[in-house]
Amino acid sequence: QVQLVESGGGLVQPGGSLRLSCAASGSFFSIYAMGWYRQAPGKQRELVATITSGNMRNYADSVKGRFTIPRDNAKKMVYLQMNSLKPEDTAVYYCKVEGRGYWGQGTQVTVSS
């Protein structure tokens, strides 16, 4: 069993930055691929970024060059560094263990002036 807890969301102005954190419990974190997803009001949940156990990263086109997804296996943490935020980045952001179906509870990110 894996539990995920996201934190770091909030209100930020356009052009600003936020770093989301996802803390994982349980063993074998280092072997899991991890992902960040987001869901805006009235829209389907969409992939933002993933990172494999070997640190291969994949990004949605909409966030390439602005977001990064580092991980710290010793701390069982995965992050989402978000720069140059836009109003369209407003959503609830979720952390997920890829291929296992474990989700966090989500953290709200609002980009507005």
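1. Tryptophan 103 is partly exposed, at a relative accessible area of 33%, where buried means under 20%, exposed over 50% and partly exposed in between, with a 1.4 Å probe and protein chains only. The model is predicted, so that local features need pLDDT of at least 70 and side-chain atom pairs count only at pLDDT 80 or more, while totals for chains, interfaces and linings use all residues. Residues are numbered from 1 along each chain as its sequence is written, and side-chain values use heavy atoms, with hydrogens and water left out.

2. The rings of tyrosine 94 and tryptophan 103 form an edge-to-face pair, because their centres are 6.3 Å apart and their planes stand at 90 degrees; rings of Phe, Tyr and Trp (its six-membered ring) pair if their centres lie within 6.5 Å, and planes under 30 degrees apart count as stacked, over 60 as edge-to-face and the rest as tilted. Tyrosine 94 is buried, with a relative accessible area of 13%.

3. The structure holds 2 aromatic pairs. One of them, tyrosine 37 with tryptophan 103, is edge-to-face, with 5.0 Å from centre to centre and 65 degrees between the planes. This pair links distant parts of the chain, 66 residues apart, with tyrosine 37 in strand 4 (residues 34–39) and tryptophan 103 in strand 11 (residues 102–103); strands are DSSP runs (E, at least two residues), numbered from the N terminus. Tyrosine 37 is buried, at a relative accessible area of 12%.

4. Taken together, ring pairs link Tyr37, Tyr94 and Trp103 into a cluster.

Notes
Helix = DSSP H or I, 4+ residues; strand = E, 2+ residues; numbered from the N terminus.
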